[in-house]
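Have the sequence and the 3D view open side by side. This report walks through a few contacts, ring pairs and a helix crossing.

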Amino acid sequence: MLPEEQELKRLETEEAELEEQVASSELALETLKTEMSQFHYRYYRLVGYLYVEMDELDARIASEEAERYPDNIELQKQAHDAEQQARRSAEEAGLTENQVPPAKITPEIKQAYRKATKLMHPDRATNEIERERRTIMMARVNRAYEAGDLAEIEQLIIDFGEDSEAVEGSDTGARLVKVIRRIAQLRRRLSEAEQELSEQKQTELYELMNTVGEAEVSGEDPLGDLARQLTQHISERKVRLELLCQPAN
């Protein structure tokens, strides 16, 4: 075997290892995003709507108090802030209520996603036209993964594999140049995926999901407990608002 052929073999082995690492990192990233979306949906269904009701009551209470004391600047500010908070909560609730429940991601879907990522990732492109085509295909794969649509991912793999542009041949020298560039692209993408995964794990939603998950594994019911607490707070606010709305003697 010629020296250049030996070097090509070594680099192709490194390329294959990097492809596995990138596929694993991107699968972990997409899975985490889906899990966070599932948790966000469940969180709203259990306690989020209660926060909306409580914020609305706080806004009404603040408004009543500000109306009673129109010269009190602090009460006017509190009323304004409470109204803004209630509006934000209502807007977020509207978005969540219209959200389709996230699909369950099975091992079969994860396996198909890994295969699709390794096959059609944009970094495998040799020109801009090919990169654009791969970007479009990967966007469709990501949507199918988030929807839990195994059949769609498998069909996209078939469609991509049947594309004549996906099959290319070249001599040893050209293949060396190509694999060196490919390795550089894979290292960049691996770094980006790991960075994005790290950033996702620093969000408040992830920390909340992780805390709740650990508590539930221990047999606790943190969201149920929170819902009961919020229900109690809401009852107290209703009583307070009713008293404020009564005419003064």
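## A threonine and its neighbours

Thr31 touches Lys110 and Tyr145, leaving aside residues up to four places away in sequence. Contact means heavy atoms within 4.5 Å. Thr31 sits in helix α1. Helices here are DSSP runs (H or I, at least four residues), numbered from the N terminus. Thr31 is buried, with a relative accessible area of 9%. Buried means under 20% relative accessible area, exposed over 50%, and partly exposed in between (1.4 Å probe, protein chains only).

The model is predicted: local features need pLDDT of at least 70, side-chain atom pairs count only at pLDDT 80 or more, and totals for chains, interfaces and linings use all residues. Residues are numbered from 1 along each chain as its sequence is written, and side-chain values use heavy atoms, with hydrogens and water left out.

## Two aromatic pairs

How many aromatic pairs does a search of the whole structure find? It finds two. Phe39 and Tyr43 form a tilted pair, 6.0 Å centre to centre, with 35 degrees between the planes. Rings of Phe, Tyr and Trp (its six-membered ring) pair if their centres lie within 6.5 Å; planes under 30 degrees apart count as stacked, over 60 as edge-to-face and the rest as tilted. Phe39 and Tyr43 are four residues apart in helix α1 (residues 3-68), so about one helical turn separates them. Phe39 is buried at 5% relative accessible area. Tyr43 is buried too, at 18%.

The rings of Tyr113 and Tyr145 also form a pair, with centres 4.6 Å apart. Why is this pair tilted? The planes of Tyr113 and Tyr145 are at 45 degrees, so the pair counts as tilted. This pair links distant parts of the chain: Tyr113 lies in helix α3 (residues 107-120) and Tyr145 in helix α4 (residues 128-146), 32 residues apart. Tyr113 is buried, with a relative accessible area of 2%. Tyr145 is buried as well, at 0%.

Now follow α1 to helix α8 (residues 222-245). The axes of α1 and α8 come within 10 Å and cross at roughly 20 degrees. Axes are lines fitted to C-alpha atoms, for helices over the stretch in contact, and angles run from 0 to 180 degrees between N-to-C directions. The two helices α1 and α8 are therefore roughly parallel (under 35 degrees). By class, the contact of α1 with α8 has 18 nonpolar, two polar and ten charged residues. Ala, Val, Leu, Ile, Met, Phe, Trp, Tyr, Cys and Pro count as nonpolar, Asp, Glu, Lys and Arg as charged, and the others, Gly among them, as polar.

Conventions:
Parallel < 35°, antiparallel > 145°, perpendicular 65-115°, else oblique.
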